[in-house]
Amino acid sequence: MKTMGQNSKSKRRLALTVVVVALLTAVPGVLDPETSYVVFLLFSAFIYVALAQAWNLVSGYTGQVSLGNHAFFGLGAYVIAIGWSRGLIGYLDPLGMLLAGCAAAILGILVGIPLLSKLRGDYFALGTLGLGEILRLVTIQGRALTAGPTGIFLPSSSFTTIVPYYFMALFLALLATGVTYYMVKSNTGLALVATRDDEAAAAAIGINILKFKVLAFAVGAFLAGLCGALQAYYVFHVEPQGFFSLSWTIYPVLMCVLGGVGTLTGPVVGAVFLTAAFEVAKYYLPEIHPIFSGLLIILVIMFLPNGLVRLRRGRIVRNPKAA
Amino acid sequence: MLDFIPPIDILLQLLINGVLFGTMYGIAAIGLSLIFGTMRIVFIAQGTMIILAAYGSFWLFNLWSVNPYVSILIVVPASLIVGSGLYQVLFRKVAREGQFPTLLIAFGLMALLENLMSVVFSADARAIQTSYAAYALTFMGLKISFTRLMAFVMAVAGTVGVAFFLKKTLLGKAVRAASENLEYAMLVGITPHMVNTLTFAIGIGLAGLAGVATATAYAFDPFSGFVFSLKAMIALALGGMGNVVGALLGGLLLGVIEAFGAFFLSGGWADVISYAVFLLVLMFKPEGLFASGTSAKP
């Protein structure tokens, strides 16, 4: 939880956010988006920020460790691919993306109600892991609808410049952070954190824990679905292996842990830092960069289990149950 | 009316194939079950450790012509050492930090090993080509592959060995005590780190055995470990977490479900069915289908 009060502090924070967002908005104007690597780097960092916040809301604040983000990410991508290839959705169509997000949210509610009412802790994590695998296998078997293991090729001639992607990803990152901020600041946030810290006590004081868990899960799914939709527009080829890859869950989780789980700024810091680290590794160690990524995950957990944000504050209070 | 039901010998053949393949899931699940039971670590890298051991056996055979069944004597002790080393280096510090740090370390280890293996050993699928690899026993018209039967025997022997160790030896009792209630176990003088090191060693030792079995009977590549781990988790959910014999039975059941699913539908849908069964069991019978009163409860 954030410390309450200190109006000046929150004002300073707001001012800082506005300045950072203004600077980021100016980036494609200052740097040439056709050649600059920075624009692309920020684009992928923004998507990861949004994905990391989606996981943070469900697992960091509500304490339900989900390993199913990639299921919602992939579903969002497939909604776009199926809709666009049949002419139902346009190129970079905001309504189409909204549809993708809603489809993911509906799946989140449908799956969330039985899973969250029945399963706790590791069992819930394993259940959500199974969800991603089921969707991957179903899309492989989907014949004409999903074009099987080769996936759907989208008209890549639509691509002109990365600039709209950049702003959409920036918007997604801001949306995810804003939604998380809003939910955590409101009474909903108190209910979520209470559910995380002591489920029995939260239920005893009259919190409908299932409702709040499912709400957080559905919002997380919605955000992940939006990210998948944007990624589908960017890649122009939606196939099961790449879009239902567990990396879309594990990397955001790692980013949250690196930055600080259950904090608002942690996932942002972690996502930016790790995206940059992975890109540097990809550039300098093209052959062995996945090895490096694996090693990095291990090192982060062993030496920075509480996250960079808390490192600065020097706060190492952890509730073992919260993990 | 009952035309869709194939003759009984095909059904029996499917059952045998399913059981033989299911033992691979079962033996991987036992390792996961032990590690989860004592440390609450979802060790998702188990399948990748099995593949690593399979490469060990493969190279011993290809470079020095060591018979794969003899290579058990090298691979399994090496796995025991690697297992205790893994615990000491990676998990000792974070073992009680809750589940997702350890899950992430296991995932990191998996990514590290998968890619290391694909760089060093190449991503080609491998299998040990012995003179008897294609040999099959014929029993009442049913075909049983010799190497797969041996894999089955190894898995059963491994399970019996571990079950015996847990039931009869003092160290095994310490492991069971620690997985039932760590605080009480500490009160009677059991050191958690000792138990954890031992459990990890046994878990990875079983991965070594499963690796040799895999290398002799099936084809494998550096990335087959992850699906192996997932299937082992399904087997574990079917059998009940922290239940050694249940884990093996869960593996056999999963193998049979897949064999029948693949025959009646198609290979791809068989996997969907196994995940659906997994979710249903998790939801409606989370203690597993074979839970008994005697073994450690989740």
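Chain A contains 15 helices and 2 strands, where helices (H or I, at least four residues) and strands (E, at least two) are DSSP runs numbered from the N terminus. The model is predicted: local features need pLDDT of at least 70, side-chain atom pairs count only at pLDDT 80 or more, and totals for chains, interfaces and linings use all residues. Residues are numbered from 1 along each chain as its sequence is written, while chains are lettered from A and ligands numbered from 1 in the order in which they are written.

**Overall form of chain A**
- The C-alpha trace of chain A spans about 55 × 45 × 40 Å along its principal axes.
- Of the 323 residues of chain A, 50% count as buried, that is, with 20 or more other C-beta atoms (placed from the backbone) within 10 Å of their own.

**Packing of two helices**
- Helix α13 (residues 266–284) and helix α14 (residues 289–303) of chain A have axes that come within 9 Å and cross at roughly 150 degrees; axes are lines fitted to C-alpha atoms over the stretch in contact, and angles run from 0 to 180 degrees between N-to-C directions.
- Ala277(A), Phe278(A), Ala281(A) and Lys282(A) of α13(A) meet His289(A), Phe292(A), Ser293(A) and Leu296(A) of α14(A), contact being C-beta atoms, placed from the backbone, within 7 Å.

**Contact between the chains**
- In all, 33 residues of chain B are in contact with 34 residues of chain A.
- α4(B) gives the most to the side of chain B that touches chain A, with 13 residues.

Technical notes: Contact = placed C-beta atoms within 7 Å. Buried ≥ 20, exposed ≤ 12 C-beta atoms within 10 Å, placed from the backbone.
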